[in-house]
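Hi everyone, thanks for coming. I'd like to walk you through one protein model today, so please have a look at the screen.

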Amino acid sequence: MNESLPPCPTCSCEYTYEMNALVVCPECGHEWVPAESGAEGGDAAGERVVKDAVGNVLQDGDSVVVVKALKVKGSPSGIKAGTKVRNIRLVDGVDGHDIDCRIEGFGAMQLKSSVVKKA
């Protein structure tokens, strides 16, 4: 019956079952998405995936385009929508700012991946 379902990653119970998009362990109550601990888990151990506003996966060195006008403290104009940013770096930033970059005319800053689109 559960031959295709993985065992619980917490307690190794074999009697897991599906509930909507989750897999649930009846013994310890642990719930997880099977894709997270499936075949991808071995390849991407410790690696996080950052996606842009459209859903494209971003990597270090990519070029992105700002999709929404951004206000910048200390700058009267801000960053306009359509501004191209080259050679981004993915970082663990504060408050969801996960892109470190340099924008011409502004200098170094951090952006959220939800306001950019892969170029």
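**Around Leu111**

Leaving out neighbours within four places in sequence, Leu111 is in contact with Leu70, Val85, Gly96, His97, Asp98, Ile99, Cys101, Ile103 and Val116. By contact I mean heavy atoms within 4.5 Å.

Before going on, a word on the ground rules. This is a predicted model, in which local features need pLDDT of at least 70 and side-chain atom pairs count only at pLDDT 80 or more, while totals for chains, interfaces and linings use all residues. Residues are numbered from 1 along each chain as its sequence is written, and side-chain values use heavy atoms, with hydrogens and water left out.

Back to Leu111, then. Which residues have the most contacts inside the largest nonpolar core? They are Val85, Cys101 and Leu111, in a core of 15 residues. A nonpolar core here is a set of buried Ala, Val, Leu, Ile, Met, Phe, Trp, Tyr and Cys residues joined through side-chain atoms within 4.5 Å. Buried means under 20% relative accessible area, exposed means over 50%, and partly exposed is in between, with a 1.4 Å probe and protein chains only.

Two or more residues of this core come from each of strand 6 (64-66), strand 9 (97-103) and strand 10 (107-112). Strand 9 gives the most, with 3 residues. There is also a second, separate core of 6 residues, and Leu5, Cys8, Val23 and Trp32 are among them.

**The whole chain**

Let's zoom out for a moment. The protein has 2 helices and 11 strands, and from the N terminus the order reads β-β-β-α-α-β-β-β-β-β-β-β-β. For the record, helices (H or I, at least four residues) and strands (E, at least two) are DSSP runs, numbered from the N terminus.

Of its 119 residues, 25% count as buried. The protein exposes about 8200 Å², with carbon and sulfur atoms supplying 48% of that; these areas come from the Shrake-Rupley method with a 1.4 Å probe. Among contacts with a separation of 6 or more, 35% are between residues 24 or more positions apart.

Now for strand 9 itself.

On one hand, strand 9 pairs with strand 8 (residues 89-90) in the antiparallel sense over 2 bridges. Two strands pair if DSSP finds at least two bridges between them. Leu90 stands opposite Ile99 there. The two strands form a hairpin with 6 residues between them, and Asp95 in the turn has a positive phi of about 60°.

On the other hand, strand 9 pairs with strand 10, again in the antiparallel sense, over 6 bridges. Ile99 has Leu111 as its bridge partner in strand 10, and Arg102 stands opposite Ala108. This hairpin has 3 residues between the strands, and Gly105 takes a positive phi near 90°.

**Two loop residues**

Next, a pair of loop positions. Asp62 sits in the loop between strand 5 (57-58) and strand 6. Is Asp62 buried or exposed? Asp62 is buried, because its relative accessible area is 14%. Not counting residues up to four places away in sequence, Asp62 touches Val57, Val85, Arg86, Asn87, Ile88 and Lys118. Its side chain also reaches the backbone nitrogen of Gln59 at 2.8 Å.

Val54, in the loop between strand 4 (50-51) and strand 5, is exposed, with a relative accessible area of 57%. Val54 and Val67 are 13 residues apart in sequence and 10.0 Å apart in space, C-alpha to C-alpha.

**The N-terminal part**

Finally, the start of the chain. An open sheet of 3 strands has the order 1-2-3, with antiparallel pairing. Strand 1 (17-19) and strand 3 (31-32) are at the edges, each with a single partner strand, so one side of each has no neighbour in the sheet. Strand 2 (residues 22-24) and strand 3 pair over 2 bridges, and Val24 stands opposite Glu31.

UniProt, in an unreviewed entry, lists residues 4-32 as "domain: Protein YjdM N-terminal"; its positions are given in the numbering used here, feature names are shortened, and annotations may be inferred rather than shown by experiment. Over residues 4-32 the chain is 0% helix and 28% strand, with the end C-alpha atoms 15 Å apart.

Key: Polar contact = N/O pair within 3.5 Å; in protein donor to acceptor, adjacent residues only side chain to side chain.
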